[in-house]
Amino acid sequence: MQKDQVFPELAVLRETFERGITRNFLWRQSQLLALDSFLIECERDIATALHDDFRKSPAETFLTETGYLRGEIRFALKHLKRWMNPHRVSIPLIYQPGKGYYIREPYGVVLIIGAWNYPLNLCLAPLISSIAAGNCSVVKPSENAPHTSKIIADGLSSYLDRSAVCVIEGGAEKTKALLENRFDYLFFTGSQAIGREIMHAAAKHLTPLTLELGGKCPCIVDENVDIKVAARRIVWAKFLNGGQTCIAPDYVLVHEIVESQLLHYIQEAITDFYGKDPQLSPDYPRIINEQHFHRFEKLLDGFSPLFGGITDHNGYYVAPTILQDVTSDAEIMQSEIFGPLLPVIAYKKLGDALDIIQRGMKPLALYLFSSDPKVQARVVRHSQSGGVCINDLLFHASCHRLPFGGNGSSGFGTYHGQAGFDTFSFQRSVLKRSLYLDPDLRYPPYSSRKFNFLKRLVTLFH
Ligand code: NAD
């Protein structure tokens with residue numbers, strides 16, 4: 001059986017791309033505006049879908065999904081013309097007279113595979129970049145957030161050009177079947193384990209790709225900082241989305257002098273934000289499914305949490321939990337937590353904290369709370385990660401002017417703002433030469449005199 005008979009949408013998209021429709025500036029602009037209309041007109045339904053999937057509050061949905069996406073669309077619309085312009089470069093004297101430039105061309109038909117934890121954002125943010133770059137796009141939302149997956153499928157088919165954008169819903173088997181087809185670019189957000197499989201599938205067709213993966217994001221709290229502000233920001237970033245954020249602080253490394261102060265303020269902040277019983281808070285999300293719920297129960301085994309630790313299978317509730325005296329060889333420190341459990345580890349010297357980070361794999365984000373510029377510079381210089389945020393958390397990922405992506409095991413490739421446009425574009429170089437002047441110099445036969453002259457010319461003017 002032909003693969004495009006299994007997914008007839010793909011043949012439609014390819015034909016649209018080949019007709020050049022999506023390369024047009026006005027088409028790109030109209031689709032971005034239509035996507036914005038979807039986000040505005042369906043804001044309430046989107047909020048309901050996310051609430052049904054894992055009890056995410058409308059405020060968090062606005063902050064981290066619809067609001068962010070609308071900003072990304074605005075930013076793309078504002079800069080799109082400039083991004084699409086050919087980029088002139090100056091060319092060396094020996095290629096004169098001539099002109100050099102590169103154009104950013106769409107790849108063709110791209111596949112965007114989303115994760116469930118920001119189920120709208122992780123499908124539509126890459127889609128914004130893909131449309132802006134002039135591609136046809138297939139969006140595959142996560143089956144683990146079924147209500148959001150459905151609203152994406154319904155919304156995109158009603159608001160966008162169906163001959164250029166389509167949504168294919170389903171889980172692993174459907175995605176594997178989809179990947180049997182040749183795409184011109186793959187954009188995957190998800191776990192490291194599945195990321196490997198995606199890369200394997202990409203190799204078959206030699207398809208270029210971006211992998212947005214996870215990892216353990218450390219947060220260092222130095223002694224020279226306002227500990228109360230640090231605690232409030234850590235609590236906000238850790239328990240947003242129920243801790244199910246790829247760039248959430250996975251664990252805290254705190255200077256031993258301020259450890260008890262930090263732990264005090266962290267507990268105070270949790271109670272301030274979610275009340276005495278977070279299970280009753282309308283702002284505290286649930287764990288996405290039973291499998292992850294049991295994973296957290298298992299991780300908690302053997303710990304006496306300093307705070308929280310309560311779980312309820314009914315609704316998959318796991319309380320905001322603080323774990324003290326965790327050693328770096330504990331099981332919870334071996335892989336990404338991706339939930340509302342926060343280990344806090346005290347260090348004596350900054351070098352000890354940096355050693356712990358360096359022993360692990362390169363994280364997606366690294367956080368530092370310190371007012372000392374020397375400490376700030378040292379931490380950035382002696383660590384590696386996808387991104388860094390100093391004296392705050394998460395916001396480096398929502399700033400449209402900063403490229404967002406992983407490094408090493410947390411992925412490769414970047415997006416957001418122009419970085420997204422560039423990722424979904426192929427940079428095609430063009431050198432245009434004049435037919436005037438055609439000296440004999442470059443052509444054989446190469447006498448030794450000619451060769452010596454050529455050597456000098458290339459060395460001086462190339
Ligand atoms: P996942 O890897 O289980 O699934 C991601 C997507 O892959 C889903 O759409 C799923 O349907 C599909 N999939 C699952 N099995 C597949 C297979 N065998 N072949 C092909 N496709 C398959 O990830 P998840 O549980 O949805 O998301 C959580 C992970 O994603 C965490 O590790 C988190 O850190 C990471 N994440 C990273 C970012 C980032 O921007 N770097 C953002 C969000 C989440």
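1. The bridge partner of A365 in strand β15 is G387. The two strands involved, β14 (residues 365–369) and β15, pair in the parallel sense over 4 bridges; strands count as paired if DSSP finds at least two bridges between them. Strands here are DSSP runs of E with at least two residues, helices are runs of H or I with at least four, and both are numbered from the N terminus. From β14 the chain crosses through helix α14 (residues 373–381) to β15, a right-handed β-α-β crossover. Right-handed means that, with the strands pointing away from the viewer, the path from the first strand over the helix to the second runs clockwise.

2. A note on the model: it is predicted, local features need pLDDT of at least 70, side-chain atom pairs count only at pLDDT 80 or more, and totals for chains, interfaces and linings use all residues. Residues are numbered from 1 along each chain as its sequence is written, and side-chain values use heavy atoms, with hydrogens and water left out.

3. The open sheet has 6 strands in the order β12-β13-β9-β8-β14-β15, with parallel pairing. Its edge strands are β12 (321–323) and β15, each of which pairs on one side only. Contact means heavy atoms within 4.5 Å; axes are lines fitted to C-alpha atoms, for helices over the stretch in contact, and angles run from 0 to 180 degrees between N-to-C directions.

4. How many disulfides are there? The count comes to 0, a disulfide being a pair of cysteine sulfur atoms within 2.5 Å. The closest cysteine sulfur to that of C217 is in C246, at 7.2 Å, which is too far for a bond. For C219 the closest is in C389, at 9.5 Å, again too far. C217 is buried, at 0% relative accessibility, and C219 is buried with a relative accessible area of 0%. Buried means under 20% relative accessible area, exposed over 50%, and partly exposed in between (1.4 Å probe, protein chains only).

5. Elsewhere, the axes of helix α4 (residues 43–54) and helix α5 (residues 58–84) come within 9 Å and cross at roughly 105°. That makes α4 roughly perpendicular to α5, a term for angles of 65 to 115 degrees. Residues making the contact include I46 and L50 of α4 and F62 of α5.

Technical notes
Parallel < 35°, antiparallel > 145°, perpendicular 65-115°, else oblique.
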